[in-house]
Structures are given as structure tokens and as C-alpha cells.
Amino acid sequence: MTAPTRPPAPRPRGLAAAGFVVLAVAAAVLCGLWFQYGERQDLNARATAGDAGASPDRIDVDAAVQRVDATARELVLRLQVTPRGALAEAGGLSPAEDLTLQTSPAVRGDLAFPAHGRIATVDVPVALTGGPVTDYPFDAYATELEFAAVQGGESVPVRMTLVNRDALFSLAVDASESGGAAVFSAELSRSGSVLVFALFMMAAMWALTIAVLMGGWFLVRRRAGLTWPALGWMAATLFALAAFRNTAPGAPPIGSLLDYLAFFWAESLIAFCVVVVVTRAVRAEGPPPP
């Protein structure tokens with residue numbers, strides 16, 4: 001007679017669950033590192049325009065986008081102007097003659113630097129087109145930048161470098177040269193980290209809303225009375241979502257796409273669920289004893 005075969009021992013479910021958690025955490029960490037690397041690459045990207053021949057006698061302009069105000073549709077551009085070669089005095093910190101940096105209409109005014117005076121960094125506002133900001137987090141903006149230099153009554157070549165220092169936005173630039181002037185066509189959109197966080201906020205709002213609806217349906221179906229812990233959790237979720245929404249990066253105004261896709265619906269459904277659960281619970285409790 002053959003011995004009866006034993007069924008294979010079941011695998012412990014705890015080990016499988018632990019392995020899944022470890023893989024999920026590792027995937028999340030790798031995704032975070034990838035996003036951070038992408039953000040650093042965007043912030044370190046440089047676009048250079050003008051003075052293709054790199055003549056020794058020129059005006060160098062280092063420009064950096066410091067911050068973007070989407071509501072006001074403008075950005076702040078920090079400029080460092082440095083004359084080179086015969087256009088500068090000894091040391092390269094002061095222009096040998098009066099220098100005028102001519103700009104495009106979006107920059108709202110030319111910049112004048114007197115001769116023999118040390119040139120310091122200057123912040124200039126730049127108007128943006130596009131939007132509106134209520135398209136958050138998918139809003140995008142554009143601007144045209146053009147910088148030309150005149151020193152001693154004559155046009156001089158300009159070489160300009162543009163970088164982005166605002167971590168909430170990504171910058172795409174098309175650089176070119178026109179008659180010795182540096183020309184940039186810049187487009188700005190929300191950075192990858194902002195977009196991912198906004199999508200996470202919408203998913204979290206809908207997940208909490210579904211959880212409250214499931215809890216309310218369970219209480220109504222069981223015809224439970226006034227279950228105060230459950231009602232307190234539902235009411236707390238109603239107010240917690242408002243505070244959670246205000247943490248959106250960039251402080252988008254009320255009425256943005258984020259609100260219409262998630263926040264308004266979540267608040268309405270949770271408030272409706274709380275009212276229905278309380279009404280059915282009061283009816284289930286019955287009239288108070290005499």
C-alpha cells in the first residue's frame with residue numbers, strides 16, 4: 001500500500017503581505033528619487049542666446065527666474081549685467097561708458113547703468129500671457145524676452161543666459177539671436193512634483209469620500225442609531241478636506257480645476273452623507289421615552 005500523500009503546507013500570508021509592502025515602499029522611493037532628479041535637471045538647465053561668435057567685447061547678462069506669480073500673471077527675473085573686454089573698466093564691474101539695456105515690452109522698461117558705476121543685480125517684473133490660473137494644476141504661461149545693449153550711442157553684442165530658480169514651475173525655452181540681441185521664447189508650466197502632488201490630492205479626496213459613503217451606507221443599512229464615533233469621523237473629514245485643499249502648492253484660488261474635479265464634489269457628498277445618516281439614525285432611535 002502506498003502512503004497517503006500530504007497536501008502541501010500553505011504559505012504564510014504574513015510573509016507575502018510583508019513582501020508586497022517592501023516592494024511597494026521600494027517602488028515609491030525609486031519614483032521619488034526619479035522625480036527629484038528630474039526637478040534638479042530642470043532647475044539646472046540653461047539656455048544661452050546672442051553673440052554666437054563670443055566676441056571679447058560684449059555684454060553678458062545672467063538672468064534667473066526667481067518666482068512666478070500665476071495670479072498676477074508675471075514673473076520676477078533677476079539680472080546680473082557684466083560688461084566684457086573694452087566695454088568694461090578694469091575689473092569688469094563697471095561699464096566704461098553709459099550702458100542701456102533695451103528690453104521687450106513684456107519687461108516693462110529699459111535698464112540704464114551709468115558709466116564708472118558698479119552694476120548690482122536687479123529684479124525686474126516680466127508680464128506673462130496664457131492661463132488662466134483656474135486651470136490649476138494644468139495651467140501654462142508664456143512670455144517673449146528680448147535684450148539688446150547700447151553703449152556710447154552704439155549697439156554692442158549681448159550674450160544672455162536664462163535659468164529657472166522657481167521649483168514650482170518648469171521652464172521650456174527657445175533661444176535665438178536677432179541683430180546682436182538675445183531673444184527667448186519661454187513657456188512655463190507646473191513642475192512635475194506639483195502636478196503629482198495635485199493629482200494625489202484629488203485621489204485622496206475621492207478615496208476619503210468613498211470611505212465616508214461606504215460607512216454611511218453601512219450605518220443606514222443596519223438601521224443603527226446615533227453612532228457618535230462614526231458621525232464624528234465623518235464630520236471631521238468634512239472639515240479636514242478644506243484644510244488639506246489649502247495645502248496645494250502655489251496657493252491656487254478657489255474655483256480652480258482642482259476644486260471642480262475633486263474638492264467641491266467631496267465636500268458636497270460627505271455633507272449629504274452626514275445629513276442622511278443623522279436623519280435615519282434619529283428615526284431608528286424612535287421617540288424619546290416619557
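**A walk through the predicted chain**

His116 is placed in the loop between strand 5 (111–113) and strand 6 (122–127). The model shown here is a predicted one, and in it the phi of His116 is near 65°, a positive value in a residue other than glycine. Most residues other than glycine have a negative phi, and most peptide bonds are trans. His116 counts as exposed because its relative accessibility is 56%, and exposed means over 50%.

A second residue with this kind of backbone angle is Ala251, which is not a glycine but has a positive phi of about 50°. Ala251 sits in the loop between helix 3 and helix 4. With a relative accessibility of 60%, Ala251 counts as exposed. Another backbone feature is the cis peptide bond from Tyr136 to Pro137, whose omega is near 5°. Pro137 belongs to the loop between strand 7 (129–130) and strand 8 (140–151).

Of the 290 residues in the protein chain, 35% are buried. The accessible surface of the chain is about 16,800 Å², and carbon and sulfur atoms hold 63% of that surface. Among contacts in the chain with a separation of 6 or more, 65% are between residues 24 or more positions apart.

Among the strands, strand 10 (residues 158–164) is mostly covered, with 6 of its 7 residues buried. Strand 10 pairs with strand 1 (residues 46–49), and the two run antiparallel, joined by 4 bridges. In this pairing, Ala47 has Leu162 of strand 10 as its bridge partner. Strand 10 also pairs with strand 2 (residues 59–69), this time in the parallel sense and over 7 bridges. Here Val61 stands opposite Met160 of strand 10.

The helices come next. Two packed helices are described by the angle between their axes and the distance between the axes. For helix 3 (residues 228–245) and helix 4 (residues 257–285), the axes come within 10 Å and cross at roughly 160°. Angles over 145 degrees count as roughly antiparallel, and helix 3 and helix 4 are therefore roughly antiparallel to each other. The crossing of helix 3 past helix 4 is left-handed. On the helix 3 side, the residues making the contact include Leu231, Met234, Leu238 and Leu241, along with Arg245. On the helix 4 side, they include Leu258, Phe263, Ile270, Cys273 and Val277. The loop between these two helices is the one that holds Ala251.

Terms used. Residues are numbered from 1 along each chain as its sequence is written. This is a predicted model: local features need pLDDT of at least 70, side-chain atom pairs count only at pLDDT 80 or more; totals for chains, interfaces and linings use all residues. Side-chain values use heavy atoms; hydrogens and water are left out. Buried means under 20% relative accessible area, exposed over 50%, partly exposed in between (1.4 Å probe, protein chains only). Two strands pair if DSSP finds at least two bridges between them. Contact means heavy atoms within 4.5 Å. Accessible areas come from the Shrake-Rupley method with a 1.4 Å probe; for residues, only the protein chains shown count as cover. Axes are lines fitted to C-alpha atoms, for helices over the stretch in contact, and angles run from 0 to 180 degrees between N-to-C directions. Angles under 35 degrees count as roughly parallel, over 145 as roughly antiparallel, 65 to 115 as roughly perpendicular and the rest as oblique. A crossing is left-handed if the near helix is turned anticlockwise from the far one by less than a right angle, and right-handed if clockwise.
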